[in-house]
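Here's a quick briefing to read with the structure open beside you. Take it one topic at a time.

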Amino acid sequence: MKFDLHVHTTYSDGDYTPQEVIKIAKEKGLGGIAITDHDECRGYKDVSGDKSKGMNVYAGIELAAKFYGEVHVLGLLIDWQNKPLLNHIEKTAKSRYQRAKLMLGKLKKAGVDISMDEVEYACKGDILGRPHFASVLVKKGYASSSKEAFTRYLSDKAPCYVRLEKIDVKSAVDLIKDAGGKAVLAHPGLMRVSTFNKLLPKLEDYGFWGIEAYHPSHTDGQCREFVSMAKRYGLFVTAGSDFHGNVKPKVSIGQEQRGGKYLEESMGQLGLT
Ligand code: AMP
Ligand code: ZN
Ligand code: FE
Ligand code: FE
């Protein structure tokens, strides 16, 4: 069976609703997908009953956390109604709103005239993120593509960047575990190498269950490396596309299928095969 354990929807910065994402995944013949929105898990309620055609939908989340640098922690098979997790989501949504206001101020100083209404319109859910800014910047002609909007205005090296307040990585893992889920280190290949090297020996201690060894941004060599690191530290391996839609136009749902026997082993451990 084919799985995709990392998919974004309109509940964060994806272009497709949970229902649309499921429809595409079914058309591609996937056996299961995890909905893993940034700092948000309420999208699951829209598709929780959808088990037709052998397609399983797992509740998940991708928490933004910090440990020296930025770390993304996937939570798989969470109870999406867990109170502490929902409290965290609500708090984060508020700080994302405050950060959006600061970004608008910086953009204004850079000569960009966009409004909070426009950014909120681009964002279908509560999780205001930089990709929503990017889509408004493209729509209004300030950039020719999302990529250019990031390079010129939004990336962490660009003038209009505002850092988002994040929880520490151990608290992120605890939130996920307390919500009954498995914590997985997302796309280690996208992390700053120094952050990854410091975190690796602590993963098990912090309560991580797995590593997303297979991600479209990883070369085959990196995938092999992350698998062997996972094995060394007694962790399981997962695979996901990190599908968003237009923000990452080259990535499609279910495209990350290099997981093979290692992913099968993990799915068995989760009781999902
Ligand atoms: P935020 O959570 O608001 O800080 O936005 C993070 C999201 O922005 C990531 O999940 C990516 O989808 C996107 N992103 C971050 N950096 C870049 C970049 N340099 N180019 C394109 N997209 C990016
Ligand atoms: Zn995203
Ligand atoms: Fe991520
Ligand atoms: Fe993601």
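A polar contact here is a pair of N or O atoms within 3.5 Å; within protein, one must be able to donate a hydrogen and the other to accept it, and residues adjacent in sequence count only if both atoms are side-chain atoms. With that in hand, a polar side-chain atom of Arg-99 sits 2.8 Å from an oxygen atom of ligand 1. Keep in mind that this is a predicted model, where local features need pLDDT of at least 70, side-chain atom pairs count only at pLDDT 80 or more, and totals for chains, interfaces and linings use all residues. Residues are numbered from 1 along each chain as its sequence is written, chains are lettered from A and ligands numbered from 1 in the order in which they are written, and side-chain values use heavy atoms, with hydrogens and water left out.

**Around ligand 1**

- The neighbours of ligand 1 (residues with a heavy atom within 4 Å of it) are Asp-13, His-38, Arg-96, Arg-99, Gly-129, Arg-130, Pro-131, Phe-150 and His-244.
- His-38 brings a polar side-chain atom to 3.1 Å from a ligand 1 oxygen, while Arg-130 uses a backbone N or O atom, 2.8 Å from an oxygen of ligand 1.
- Helix H2 (83-109) and helix H4 (130-139) are the elements that give two or more residues to this shell; helices are DSSP runs of H or I with at least four residues, strands are E runs of at least two, and both are numbered from the N terminus.

**The zinc ion**

- Zinc (ligand 2) is held by Asp-13 (OD), Asp-13 (OD), His-38 (NE2) and His-244 (NE2), at 1.9 to 2.6 Å; donors are N, O and S atoms within 2.8 Å of the metal (3.2 Å for Na, K and Ca), and water is not among the atoms, so sites may look incomplete.
- Asp-13 is in the loop between strand E1 (3-7) and helix H1 (18-27), and His-244 is in the loop between strand E8 (236-239) and helix H10 (260-269), so this pair ties together parts 231 residues apart in sequence.
- From the zinc ion (ligand 2) to the iron ion (ligand 4) is 5.0 Å.

**The iron ions**
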